Amino acid sequence: MWKVSAYKNCLNTMEKKLSSSALNARFLSGWDSKAVSKILDHHNHETREGLKNLFKDPLFVPKYNISLDQERQLAYDRLKKICDSGLFSVKDFWNNPRNIFAAHEITGMVDPSTTTKLTVQFNLFGGTLLKLGTKHHHQMLDSIDRFEKVGCFALTELAYGNNAVEMETTAHYDKENQQFVINTPSTKAQKYWITNGAVHAHYAIVFARLIHNNVDEGLHGFLVNIRDEKNLSVKEGCKVWDMGYKIGLNGVDNAALWFNNVRIPRLNLLDAHSSMDENGNFTSKIEDKSARRRKRFLVLADQLLSGRVCIASMTLGSIKLILDQTVRYASTRLCVGPSGKSDTPILNYQLQNRALMPLIAQTYALNFAMNYIQDRYANQTEADYAEVVRLCCIIKPLITWHGENTASVCRERCGGQGFLSANRFGEGIAGMHAGITAEGDNRVIQQKVSKELLETADFDQVGKHLKLRSKSLADQHAVNHIAGEVTSSEWLLKLFKARENFLLNELAGRMFMANKKGVPVFEAWMKHESDNVQALATAWGENVALEQFDKAVSSASESLQPALRQLFNLYALDRILADGLFYLENGFIKAEQSKKMSTEVRRLCDHLGNDALELTKGFGIPDHMHHAPIAHDWVKYNETENSGEFENQSYRSKL
């Protein structure tokens, strides 16, 4: 059995190798990780650096053996510290929303519980108050920035999540007293999963059906004071149930909220779009005579759009941290080599680099997609709003699913070390899963994306597609096949676009034929075409990512382009092989091309694997934000009893 000292010698030897000039010469020619980090970060660099410096504070060192109350208080204290920095403001939604997105990404590297509370305070609560409220409500914004007035966002109900327009909570208007009366009419109507609600929130933005003169005007937002600001006692008529322990992110205090004749002033209606005057006259800028007032609700729930970008941003930060620490460990963990001794870093094994390198490539691709989408959100106009909606929707599924896969693969590739809480995979996995269903189940969001993409279909092309589909498979393959070399970026771009176009025409054609046969739209969409619906949204999103990756490579400095182009090719090839059945079944590629792709992916993983440390250094994560022992001197960490905590910081080392 190897002694600890023997492993320490191996680790020290490897660290010397990693810092040697000989190894540095091996790294990709012209690669500058700091320049790459600046490209990936894209905007608001001062905010990012400010947060990174803030996270040197010992307050942000992880703690695991603590009670539920302590974990919640720690998340609160961390967010208060972040708010005190003044590095961003809820008012940034007016002129610099990307600053809030940047704060989410960097904080996502530190603590998912803190970041979840942040996104509710600044986006869902503060952002909704800013956008749906008016001058009267905006007086609270500075207090929200300072975390003096803590808020929550009470939209979801126990029985109504994705079908939010059916919610039951009511707000009857009392004209005589100029008040709204908020009520929870049934168990199914209790507000559910309300972040910040169990312990910390003073206020809730409650979505309820506005009813006056027996007319239901649909869901509107109301500012409701649920706790005393000084002693945190729950206000009369409000009932708060602590939801307790979850599978992760237990620093987040989730609650179920009930309201029993809770009276609020008339002016607590968030009235940017709808208002009630002192004479009891209701007016709305959103004309909607439908029974459920769905159009009105969609405008009111607009903050969920930026929320999806916020979730994707915080998840991206977590992905980067996980990949960087995994590569650090794989570069220093020595196992059996040709001599039979433990003298070879596990990153040298094909098993390891074949698993990790596509994840790194995909992270680069989705980062460039994220930059593009954040730009589009910040600069949106009425003319391009529909596309911005699709972009903000698709980025959350793409990144959170990628995050869940990355966290699981990296945990496995780190062996038993990956199961130790101190190495942070547990909080990463839980955070990814939370993001997958938060602010819209990913699968339901993809339905929305595909539904809206159908509105862009060219029905001349749909007709041609249906005509081709009526021919033999051989004839279809002859038309669909795209000749080219697997190393050609142009060919890869053509394949992605061809898949997107095919799936759009396929879904549009199948829905048209179903309608022609008298099949109800709901029946066709929900029970027959689900696979095509999901495939179209994914194909469209991955094409956006590939196109933005290509543009990023082309605009990068010449010294960076070769390595970035290899990452581009790896991402594209990996995604094509992941959907290989589609490409082969429909004749876009032939078996020979598929075989060449597999060979090229293995070659790229081996080649880029030699430089994995430099590639993840491009994520720009400073050493002090890496707390996991596997990212440092993991042997030294285990020299003394540590109980899986970080009281002794001597294990920290620089790679």
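Reply: A salt bridge is counted when a side-chain nitrogen of Lys or Arg lies within 4 Å of a carboxyl oxygen of Asp or Glu. Side chains of opposite charge can pair when their charged atoms come close. The model is predicted, so local features need pLDDT of at least 70 and side-chain atom pairs count only at pLDDT 80 or more, while totals for chains, interfaces and linings use all residues. Residues are numbered from 1 along each chain as its sequence is written, and side-chain values use heavy atoms, with hydrogens and water left out.

By the salt-bridge rule, the count is 37. One of them joins Arg376 and Glu387, at 3.1 Å from N to O. Arg376 belongs to helix H13 (residues 350-378) and Glu387 to helix H14 (residues 385-413), so the bridge ties together parts eleven residues apart in sequence. Helices (H or I, at least four residues) and strands (E, at least two) are DSSP runs, numbered from the N terminus. A residue is buried under 20% relative accessible area, exposed over 50%, and partly exposed in between, using a 1.4 Å probe and protein chains only. Arg376 is therefore buried, at 17%, while Glu387 is partly exposed, at 30%.

A second bridge joins Arg499 and Glu542, with the closest N and O atoms 2.8 Å apart. Here Arg499 is in helix H19 (residues 489-516) and Glu542 in helix H21 (residues 530-555), so the bridge ties together parts that are 43 residues apart in sequence. Both Arg499 and Glu542 are buried. Through shared partners, salt bridges join Arg499, Glu542, Asp574, Arg575 and Asp579 into one network.

Arg499 has another neighbour to note. Its charged end sits over the ring of Phe496, 5.3 Å from the ring centre. For this, CZ of Arg or NZ of Lys must be within 6 Å of the ring centre and within 35 degrees of the ring normal. Arg565 is placed in this way over the face of Phe568, at 4.8 Å from the ring centre.

Asp253 is buried, with a relative accessible area of 0%, and Lys117 is buried with a value of 0%.

Rings of Phe, Tyr and Trp (its six-membered ring) pair if their centres lie within 6.5 Å; planes under 30 degrees apart count as stacked, over 60 as edge-to-face, and the rest as tilted. The count is 23 aromatic pairs. In one of them, the rings of Tyr76 and Phe147 have centres 4.9 Å apart and planes at 35 degrees, so the pair is tilted. Tyr76 is in helix H5 (residues 68-84), and Phe147 is 71 residues away, in the loop between helix H10 (141-145) and strand S1 (151-154). Phe147 is buried, at 1% relative accessibility. Elsewhere, Tyr64, Tyr637, Phe646 and Tyr651 form one aromatic cluster.
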